[in-house]
Amino acid sequence: MFILDAHLDLSMNAIDWNRDLRWTVDEIREFEKGMTDLPGRSQNTVSLDAMRKGNIGLCVATQIARYVKKDNPLPGWNSPEQAWAHTQAQLAWYQEMMRQGEMRQISNSNELENHLKYWSSNDDNRKKAIGFILSLEGADSIVTLNHLHKAYEYGLRAVGPAHYGPGTYAFGTDSIGGIGEKGKALLREMEKLNIILDATHLCDQSFWEAMDVFNGAVWASHNNCRELVNHNRQFNNEQLKELINRKAVIGVVMDTWMMVPNWVRGKTTPQSADACLRQIIDNIDHICQLAGNTNHVGIGSDLDGGFGKEQTPHDIDTIADLQKIPQMLYNRGYSEKDIEGIMHGNFLRFIRDVWS
């Protein structure tokens, strides 16, 4: 079944982790054996080859670069200008993959429909260019609102104002605070440009303030349910209901500490916690029960989003294993139409509505 993955940090893997995503997953793993600079070395799950094998013909692909002030212990760049420059390196990688015929950027409705026709053709999927819609995870790299306009011109179509900790425009995971005047100005300009607001990572206060200010299209590209894992990174039922009421789609995320309670980083393993796709189905089902339908949930895997198999469901070896989800949904009682919506249809409907 065709899959639309609503959140993949492809350029971070290419630029920050120095991975050639044209290699197979196994080739990357073999090359990284013995590396200890990052915990997910030699445990990757994503490559362009694996995406094609999994029929993942379209994704929301990110740029990401955090700006941190001197008193912020999180890793990041020491100025917004440096963060902007880093996103431009990531952009250059996407553009080079386009020139190589590996990927194609989707930034309007005509490009979307043409790509869907292209991917559904009888040609060999192993040679097809993977479509991507460009998103920005954390807006610290937007130095001025003019930079937002520049980004829109090169195809940026969704922005998450915050990532982890305090940011320039909003407060994110594991922090507390509102969006402030800069955040309000950013949201107003995004609304004018018809840029999607990605609510993912917004802390509770920033979330609700953003909902009050922003009247445009909202989604949550990679978020699970606080009802199932009680942490501020997840959305509670009231937040999920707000998103549902605003016709949003929530992409379920496959970072295992967000899937099972009481995860201890560096100690808990997917095997010891039995973290598997079953919990992903539980999150999908919870959102559907809140909505009373299956129209507001999709896949936002975040695979290789700064982690590897040490923090990935134990029944996923590569991203191609997302194809296990349709049968699991069917076994849970979901119809074929519902499953198609969850795997791609809901996000496609959302994007078509935004770009119409």
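Where does Thr256 lie? In this predicted model, in which residues are numbered from 1 along each chain as its sequence is written, local features need pLDDT of at least 70 and side-chain atom pairs count only at pLDDT 80 or more, whereas totals for chains, interfaces and linings use all residues. Side-chain values use heavy atoms, with hydrogens and water left out.

Thr256 is placed in the loop between β8 (250-252) and α10, where helices (H or I, at least four residues) and strands (E, at least two) are DSSP runs numbered from the N terminus. Because its relative accessibility is 0%, Thr256 counts as buried, the term being used for under 20% relative accessible area, with exposed meaning over 50% and partly exposed in between (1.4 Å probe, protein chains only). When neighbours within four places in sequence are left aside, Thr256 is in contact (heavy atoms within 4.5 Å) with Trp263, Pro270, Ala275, Gln311, Thr312 and Pro313. Gly292, by contrast, is exposed, with a relative accessible area of 66%, and is found in the loop between α10 (277-291) and β9 (297-299). Between Gly292 and Phe214 there are 78 residues in sequence and 25 Å in space, C-alpha to C-alpha.

The largest pocket contains about 890 Å³ of space. On a 1 Å grid over the protein atoms alone, a pocket is an open set of points with protein on both sides within 12 Å along at least five of seven lines, a cavity is a set where a 1.4 Å probe fits but cannot get out, and lining residues have an atom within 4 Å of a point; grid points are joined across faces, edges and corners, and a volume is the space filled by probe spheres set on the points. The largest pocket is lined by 34 residues, of which Met12, Arg66, His163, Gly305 and Gly306 are the closest to its centre. This lining comprises 14 nonpolar, 10 polar and 10 charged residues, with Ala, Val, Leu, Ile, Met, Phe, Trp, Tyr, Cys and Pro taken as nonpolar, Asp, Glu, Lys and Arg as charged, and the others, Gly among them, as polar.

One cavity of 30 Å³ or more is present in the structure, and the volume of the largest cavity is about 30 Å³. Its lining includes Arg66, Asp140, His163 and Tyr164, and divides by class into six nonpolar, three polar and two charged residues.

Helix α5 (residues 109-119) and helix α12 (residues 336-355) have axes that come within 9 Å and cross at roughly 150°; axes are lines fitted to C-alpha atoms, for helices over the stretch in contact, and angles run from 0 to 180 degrees between N-to-C directions. In this contact, Ser109, Leu112, Glu113 and Leu116 of α5 meet Leu348, Ile351, Arg352 and Trp355 of α12, a set made up of five nonpolar, one polar and two charged residues.

Nine aromatic pairs occur in the structure, a pair being rings of Phe, Tyr and Trp (its six-membered ring) with centres within 6.5 Å, and planes under 30 degrees apart counting as stacked, over 60 as edge-to-face and the rest as tilted. The ring centres of Trp84 and Tyr154 are 6.4 Å apart and the planes stand at 45°, so this pair is tilted. Trp84, in helix α4 (residues 80-99), and Tyr154, in the loop between α6 (145-153) and β5 (156-160), are 70 residues apart, and both are buried. Phe207 and Trp208 form an edge-to-face pair, with 5.0 Å from centre to centre and 90° between the planes; Phe207 is buried at 0% relative accessibility, whereas Trp208 is partly exposed at 33% relative accessible area.
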